[in-house]
Amino acid sequence: MRARPFLIGFFLCIILFPCIANAAGPTGIKLFFKDRQGVETGFYTGSYALLIGVSDYTDNWPDLERIPNELQRVESALKKHGFQIDKVLNPTGDQMKKAFDLFIRLYGHDKNNRLLFFFAGHGYTRKQDKTGYLIPSDAPDPAKNEKAFLRKSLAMEQILGWSRQIEAKHALFLFDSCLEGTVFEPKIPKNPPDISHTTSQPVRQFITAGSAGDEAPARSAFALFLVRALKGEADLNSDGYVTGTELGMYLRKKMLNLGAGQTPQYGRIKDPLFGQGDFVFQILTSSKDKTSLLASQTSNPEIDMWELVKNSTDVEDVNDFLSTFPDGQLLDAARSKLRKMERRAIFDKGKAYYDSQNYQEALKCFQKAAEKGYADAQNYVGLMYDEGKGVRRDERESLKWFQKAADQGHAGAQRYIALIKDAQKEKRKEKIEIRSLFDKGLAYYDNKDYQEALKWLQRADEKGHPEAQTYIALIRNARKEKRKEGIETQSLFDKGLEYYDNKDFQEALKWFQQAYQKGHPGAQKYIALIHDAREEKRKEKISTQTLFDKGLEYYNYESYGEALGFFLKAAEQGDANAQNYAGLIYDAGKGVKKDEIEAIKWFQKAAEQGHKFARYNLGLQYYIGDEVKKDYQKALKWFLLAAEQGHPGAQNYAGLIYDAGKGVKKDEIEAIKWFQKAAEQGHKFARYNLGLQYYIGDEVEKDYQKALKWFLMAAEQGHPGAQNYAGLIYDAGKGVKKDELEAIKWFQKAAEQGHKFARYNLGLQYYIGDEVEKDYQKALKWFLLAAEQGHPGAQNYAGLIYDAGKGVKKDELEAIKWFQKAAEQGYKSAQYNTGLQYYEGDEIQKDYQEALRWFLKAAQQGHPKAQNFLGIMYENGFGARTDTDEAIKWYRASSKNGNSDSQRALKRLES
């Protein structure tokens, strides 16, 4: 179902009733953006987004079940940025083209609008002309019927044409699809540009989740990273904005680092008229920040616009509302807000004067706002009369204004009145002064400026404040601990120096190493000197092998600092084993400060000499990426060299790289070859990976017997994933005789290791009951463990058990809790069960509107019972207006899915 923002209603009114085209309407709220100097460089008057998702394909394209949930997340994130949303799910080719066309006609002709287009689904690029297409739900396979495919699908050239028709200055096209950059220049700058005047120039920007040849995954991280980007992670230059350029750079980096086989493309349109500016999002820094930009989804235009302005801090926004609805039902509320804002503006002006110590002007502003009933202003007038700031001191006048503020619930004024009434004139003055000193000290303490805090707290303590001494003690203790730590570190170093001067280098080294670990800057120099002195002391030349053997002896006794000294000397003489061990010590930070760059240096030297373990270790550095950038091509180079030498870990990683196509062309045959070699050496992860290849079947034919063989080997070694898959094969009887007891055995082993899918599968065994007796208590135990780990199926079954009271006391509140958790993950059965709870109403209050919402979500995923309930609710007006046509629509959908109740209802309504 499409989510229509209320402004569409206004546009349609203008289209349908031209006689009122000049009537006042909502003007929206401007969003200004400024450069680093605070100069306004541009603004938007309207923000609109078209979200299109295709998850259910009718031809040969794989379904993408993730799309509805991801679209919902993107919608929520964009609403927080003030976008009004038009959403379309599973459109046909004609519907998708009409959606683009209508959206542009409605919102594309105001030059100060910003438009965002988001498409999630399959993309396709023709090899012969590199033309990209967005695939609607009814598009056929181009390999089978190319003419029909071209007629149904939406060409990027068409979107390019639309982008030039748009008059709005900024348009951003986001495609969670794999497409070639044929309509835009795929170019990523090295550094994100700052907001400037050029930002406000026209632009058409494009970002795709992948390039041609990449495959749309069943689960894409593109939408997840987009949501995180809009929360501020993509503000790469920390200027408070996320531009289209930064968004493209961020998404490309995140998707490439993820290693999911997708290469995002980003660029501007190949047209100088639309290639100068940059799309802008403002970072939302607090729950109140920009909430006035959020559009309401009600059907009442006045309420919709009120939702936009009710939390605004801009007087013009409220004046716009009053001019639009001069006789509206919210007139009093708007006028009240306007009065409050005017008072607040006067108060803020006074506060600025007050902070700059211009007390006379401050008092004028505060009195003006105070006379209009503003409590904060009344409190400040009281303070100024009490302290004689900008006016002659007058306690009676002070008390009068404090009382006015206190009568409105102002806590500060109430405290001052209590002080005034509880103490004599001089005592009260002293209390206020003492409290002020303490509050100042406390403010500096909270900001961690302990030196300034101590000054004010000591003055408060001298005047007898009861709490000041506590904070003074805290500050002094913190200083004492810090000083004590410094003294202790220096003491360790001094002890080392004493032994060093006495030429007791072994004892000196012990103390220097302790000082070094605590950060003493001079300790490392003496550690090096001791190693040099020891070397000088040895008059005979020690062979490289002797050095390495000595290092290995220390290494085995976990004396890593001593070991490193010998390894480095042997390494400098070219010993590959010593070079590899030196790399291991630096990489792990054993006995020395962790230094991955130094580790890579020694791994490289050993690897270039053919040392297979060093080659494997060097490959890991480039595969994981920490101090060096991830580089799968370099990682594969070293893994292959070690793999050829028989290293099982390297063979497994080589298989992983070929299987995922990281840095190389995806090659599952090559992946299987290396998995096989490692598996035959007993490598449990390779055995698991090899089992997966035969279980899934892609380049090799599915072979459940071979899959089970390797899964069982890995399972016996304790691999939980392999144990779960072994259970699945025995449970389904794939390639072997069905054996549920054997399945349960392996599910149990994996479940006890915390494997959430195995816990769910084990719960199913006890819930269904076949070879084992039904045991709902055991089933619930495992479902709850998997449910806590976020498994939606387990959450739904936990809800079913609590709802039916199977093996436990019936608990509908606990049931709805788990149904709702699974439903929020898009699990359609749980969405139906959640709707049923609100429809029937027992432990929770009956709520047809909430029931309708959840039934709709399940029905859109094809749940027949949910579709039938929608028919019932629209037919009878439960939670919505009575709508026979809508009821028939859902009865038909349910009937097609085999629901007999819906079939009978259709006969009744259509007879």
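**Exercise 1.** Which residues have the most contacts inside the largest nonpolar core, and how many residues has that core?

*Solution.* The model is a predicted one. Its largest nonpolar core holds 90 residues. Those with the most contacts inside this core are Phe567, Phe639, Phe711 and Phe783. Take Phe639 as a case: with neighbours within four places in sequence left aside, its contacts are Tyr616, Gly619, Leu620, Tyr623, Ala650, Tyr653, Ala654 and Ile657. Another core, of 37 residues, lies apart from the largest one and includes Val54, Val88, Leu160 and Phe175.

**Exercise 2.** Determine how strand S9 (residues 170-178) is placed in the structure.

*Solution.* Because nine of the nine residues of S9 are buried, the strand is largely enclosed by the rest of the structure. Next, consider its partners. Strand S5 (residues 113-120) pairs with S9 in the parallel sense over seven bridges, and Ala120 stands opposite Asp176. Strand S11 (residues 203-210) also runs parallel to S9, joined to it by seven bridges; here Gln205 is the bridge partner of Leu172.

**Exercise 3.** Classify the packing of helix H21 (residues 560-572) against helix H22 (residues 576-588).

*Solution.* The helices pack at an angle of about 140 degrees, and their axes are 8 Å apart. H21 is therefore oblique to H22. The crossing is left-handed. Residues making the contact include Phe567 and Leu568 of H21 and Tyr581 and Ile585 of H22.

Definitions and conventions: Residues numbered from 1 in each chain as written. Predicted model: local features only at pLDDT ≥ 70, side-chain atom pairs only at ≥ 80, totals over all residues. Heavy atoms only, no water. Buried < 20%, exposed > 50% of the residue type's maximum accessible area, 1.4 Å probe, protein only. Helix = DSSP H or I, 4+ residues; strand = E, 2+ residues; numbered from the N terminus. Pairing = 2+ DSSP bridges. Core = buried A, V, L, I, M, F, W, Y, C linked by side-chain atoms within 4.5 Å. Contact = heavy atoms within 4.5 Å. Axes fitted to C-alpha atoms, helices over the stretch in contact; angles between N-to-C directions. Parallel < 35°, antiparallel > 145°, perpendicular 65-115°, else oblique. Left-handed = near helix turned anticlockwise from the far one by under 90°.
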